[in-house]
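Please go through the model below with me, from the overall fold down to single residues.

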Amino acid sequence: MPDFILYEGEPIAVPAFRIIAIIDGDIHADRNRKILASIHAKFEALFGERANVSSYNFTGYTGKIRWTNLKIIEDGRSFFENQSTEYGEGLRRYGYALDSFKEPALPFFGVEQRSYFNFLEIAIPEDNNAAMDFANFVTEQLIKAPVISGVMGMGFFLPPYKSSLQFMMGGTTARYRAAIDVTPDMLMDGLRKEGSAYRWKPGERPGICDIGWRTFVGIEFWDRLPDHSELNKTLDVQVEKSGGVLCITAGDRPIWGDLNMGEDIGAYKAVARYLAPIRMPHGALEAFAFGGTGTPEQKDKVEAYLTRFD
C-alpha cells in the first residue's frame, strides 16, 4: 500500500479504492433516490459496522461529526425517503479502518446535493476483499442513473473535513500515474457551463471529471467522441453502454500505475486517448483543484494530472 499523504509530518489523505460520480438532478428525484438508496444499503451491509462515525446535514442534523447509534443509522436510511432536497443537504459515514490514521476516514460514504446535480463519493480500504464486488454492484446501479461523469479506481482520499488541505493533493502523479487525486468539489464547475462558477474562455467546452480504472461518461458528451468500436478491440479494455451512460474499464482490476513497480498503464492510456476530446479544460481545473491558488506550482500540478496518461 502506498504511504499516506503528509502535511507537517501528519497523515491527511489515505490510500483507498475510490468512487466519484456526479449525477444529474436531485438526490430525491425518483430514479436517483432508488439508485442512491440501494448503493447506501449495499455499503451498510458490507462496511456499515466499521463506518461508525456520521456527519449528516438535513432536517434534525447540522453536519456535526458524531458516533453513530441506532437512531442515527435509521435516520440515514430514512434520508433517501424524503420528498425533496435542499442545496448542501446530504450525509457522510466514516470509519477507523486504518490503525495508523487516527481520525475518521475509511470506509467512507458520502452523498451531497448541489445546484442542478448531486454527487456520490465512496472510499474503502484498497485491500478489502469486498471492494471489487462492491464496485461491480455500484457500476450496475450507476449505468441506470443520469450520470454526468464518474470514475473508479485507486487513489488518495482526503476526508471532507480536511478540505482546507486540498493544496497538498495532486503531488503523487509522478509516481502513481493511475491514482485518483481529486475531490468532487474540484471537478463540478468544469462539467457543465450551466450553474458553473468558472469563467469560460472562448472555445472551451465542459469535460469529464477524470479517467480511472472505470470511467463513466454521460450522454451529453457522446456527440464529441469517435465511434467506440475500435476501443472495443483494445486489449484489456471493456466497454459497456446503457441508454445514457458509457462505462469503460481499463483492465481486470484497478492499479496504482506505480512507476517504481513497473505497473503497465497501457489500458489506461488507450482509454485516455479515446476520451481526449472531452477532457476537462485546464483552466477549469486550475480554478478549483489543488487549492486553486493560480501559482505556477499549482498550474504545473494540474497540467501533470490532466496529462498523466499522455
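Predicted model: local features only at pLDDT ≥ 70, side-chain atom pairs only at ≥ 80, totals over all residues.

Q: How does the radius of gyration of the chain stand to the value that the globule rule gives for 310 residues?
A: The chain holds eight helices and eleven strands. For 310 residues the globule rule gives 19 Å, and the chain is close to that, so it is as compact as a globular protein of that length. The radius of gyration of the chain is 18 Å.

Q: What percentage of the residues in the chain is buried?
A: The C-alpha trace spans about 50 × 45 × 40 Å along its principal axes. A residue counts as buried when its relative accessible area is under 20%. Of the 310 residues in the chain, the buried share is 58%.

Q: What share of the contacts with a separation of 6 or more comes from residues 24 or more positions apart?
A: Contact here means heavy atoms within 4.5 Å. Among contacts in the chain with a separation of 6 or more, the share from residues 24 or more positions apart is 70%.

Q: Which element supplies the largest share of the lining of the largest pocket?
A: The largest pocket holds about 310 Å³ of space. Of its 24 lining residues, the closest to the centre are Arg92, Glu112, Arg114, Phe119 and Pro160. Elements that each supply at least two lining residues include β3, β5, β7 and α4. The largest share, four residues, comes from β6.

Q: How many charged residues are in the lining of the largest pocket?
A: Divided by class, this lining has nine nonpolar and nine polar residues. The charged residues number six.

Q: Is Gln141 buried or exposed?
A: Gln141 lies in helix α3. Beyond residues up to four places away in sequence, Gln141 touches Ile35, Ser38 and Ile39. The C-alpha atoms of Gln141 and Ile35 are separated by 5.9 Å, although the two are 106 residues apart along the chain. Since its relative accessible area is 9%, and the cut-off is under 20%, Gln141 is buried.

Q: Is Gly195 buried or exposed?
A: Gly195 sits in the loop between α4 and β9. Apart from neighbours within four places in sequence, Gly195 is in contact with Tyr116 and Asp189. Its relative accessibility is 56%, and the cut-off for this class is over 50%, so Gly195 counts as exposed.

Q: Where is Glu8, a residue other than glycine with a positive phi?
A: Phi of Glu8 is near 50°. At 69% relative accessibility, Glu8 counts as exposed. Its place is in the loop between β1 and β2.

Q: What is the phi of Asp236, which is not a glycine?
A: Asp236 lies in the loop between α5 and β10. With 40% relative accessibility, Asp236 counts as partly exposed. Its phi is positive, at about 70°.

Terms used
Residues numbered from 1 in each chain as written. Heavy atoms only, no water. 1 Å grid on protein atoms, 1.4 Å probe; cavity = no way out; pocket = protein on both sides within 12 Å on 5 of 7 lines; lining within 4 Å. Points joined across faces, edges and corners; volume = space filled by probe spheres on them. Nonpolar A, V, L, I, M, F, W, Y, C, P; charged D, E, K, R; others polar. Rg over C-alpha atoms; globule rule 2.2 N^0.38 Å. Buried < 20%, exposed > 50% of the residue type's maximum accessible area, 1.4 Å probe, protein only.
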